[in-house]
Amino acid sequence: MRIFLLILALFLSACGKEAPKANVNIGSIAPTFQTFRADGGAEHFPAAYFGKPLVIRFWADWCKYCEGEMKAIETVYQANKGKLQVLAINAGQDKATINAFIKKIGVTYPALLDENSAIARSYGVVGLPTTFFIDSKGIVRGKIVGEADEATFARHVQELLQ
């Protein structure tokens with residue numbers, strides 16, 4: 001009887017309401033999402049970007065490395081404009097904070113809202129910054145967790161565009 005109760009307790013403890021954690025890595029299909037741009041308008045991934053290589057950057061203004069790296073991404077984005085799209089998804093901050101930061105650093109690629117971090121969780125983001133490189137078929141071809149320089153971004157983008 002004790003074994004039955006132990007098994008029942010283990011089974012019930014495994015039936016929590018929290019969804020399993022995402023594990024999006026190289027070779028994974030990029031999760032879909034809908035959200036709003038910080039400057040207005042809706043974004044639908046992958047529908048709006050199907051057939052185009054895409055870089056998705058998760059960030060926040062308090063992130064120590066995000067500002068410099070977002071500027072580095074801007075340089076790579078400008079050098080590959082028309083061949084590549086970049087989306088900067090803010091994890092957990094409001095529209096006013098996002099817009100003020102984007103204006104301060106002067107990047108031109110879209111900043112998207114993820115105020116409750118649902119998109120970040122669907123991608124399995126555990127730290128900021130995190131960047132995903134997604135091919136034209138929606139498959140993750142590269143991933144950077146943490147700090148990286150402009151040369152690293154450029155190398156990942158060139159691999160994505162080949």
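The bridge partner of Ile134 in E7 is Val140. Five residues lie between the strands of this hairpin, and Gly138 takes a positive phi near 85° there. Helices and strands are DSSP runs numbered from the N terminus, with at least four residues (H or I) for a helix and at least two (E) for a strand.

This is a predicted model, in which local features need pLDDT of at least 70 and side-chain atom pairs count only at pLDDT 80 or more, while totals for chains, interfaces and linings use all residues. Residues are numbered from 1 along each chain as its sequence is written, and side-chain values use heavy atoms, with hydrogens and water left out.

## Chain overview

The protein chain has five helices and seven strands. From the N terminus on, its elements run α-β-β-β-α-β-α-β-α-β-β-α. Of the 162 residues in the protein chain, 43% are buried; buried means under 20% relative accessible area, exposed over 50%, and partly exposed in between, with a 1.4 Å probe and protein chains only. Among contacts (heavy atoms within 4.5 Å) with a separation of 6 or more, 68% come from residues 24 or more positions apart.

## The five-stranded sheet

An open sheet of five strands has the order E5-E4-E3-E6-E7, and its pairing is mixed. E5 and strand E7 (140-145) are the edge strands, each pairing on one side only. Neighbouring strands of this sheet are turned by 20° against each other on average, direction ignored. Angles run from 0 to 180 degrees between N-to-C directions, and axes are lines fitted to C-alpha atoms, for helices over the stretch in contact.

Strand E3 (residues 54-59) and strand E6 (residues 130-134) run antiparallel and are joined by five bridges. Phe58 has Thr130 as its bridge partner in E6. H2 packs on the sheet, touching E3 and E4, and its direction makes about 165° with that of E3. H3 also packs on the sheet, where it touches E3, E4 and E5; the direction of H3 makes about 155° with that of E5.

## Strands E4 and E5

E4 and E5 run parallel and are joined by four bridges. The bridge partner of Ala88 in E5 is Ala111. From strand E5 (residues 111-114), Ala111 and Leu113 point one way and Leu112 and Asp114 the other way, and all are buried.

Gln85 lies in strand E4 (residues 85-91). With a relative accessible area of 17%, Gln85 is buried. Not counting residues up to four places away in sequence, Gln85 touches Tyr49, Pro53, Leu54, Val55, Tyr77 and Pro110.

## Packing of H2 and H3

Two packed helices are described by the angle between their axes and the distance between the axes. The axes of helix H2 (residues 66-79) and helix H3 (residues 95-105) come within 10 Å and cross at roughly 60°. H2 and H3 are therefore oblique to each other. Angles under 35 degrees count as roughly parallel, over 145 as roughly antiparallel, 65 to 115 as roughly perpendicular and the rest as oblique.

Glu67, Met70 and Lys71 in H2 meet Phe101, Ile102, Lys104 and Ile105 in H3. By class, this contact of H2 with H3 has four nonpolar, no polar and three charged residues. Ala, Val, Leu, Ile, Met, Phe, Trp, Tyr, Cys and Pro count as nonpolar, Asp, Glu, Lys and Arg as charged, and the others, Gly among them, as polar.

## Loop residues

Ala60 sits in the loop between E3 and H2. Its relative accessible area is 0%, so Ala60 is buried. Ala60 and Asn90 are 30 residues apart in sequence, and their C-alpha atoms are 5.4 Å apart in space. Leaving out residues up to four places away in sequence, Ala60 touches Cys66, Asn90, Ala91, Gln93 and Leu128.

Most residues other than glycine have a negative phi, and most peptide bonds are trans. Ser117 is not a glycine, yet has a positive phi of about 60°. This residue, Ser117, is in the loop between E5 and H4, and counts as buried at 18% relative accessibility. The peptide bond from Leu128 to Pro129 is cis, with omega near -5°. Pro129 is found in the loop between helix H4 (118-122) and E6.

Definitions and conventions. Two strands pair if DSSP finds at least two bridges between them.
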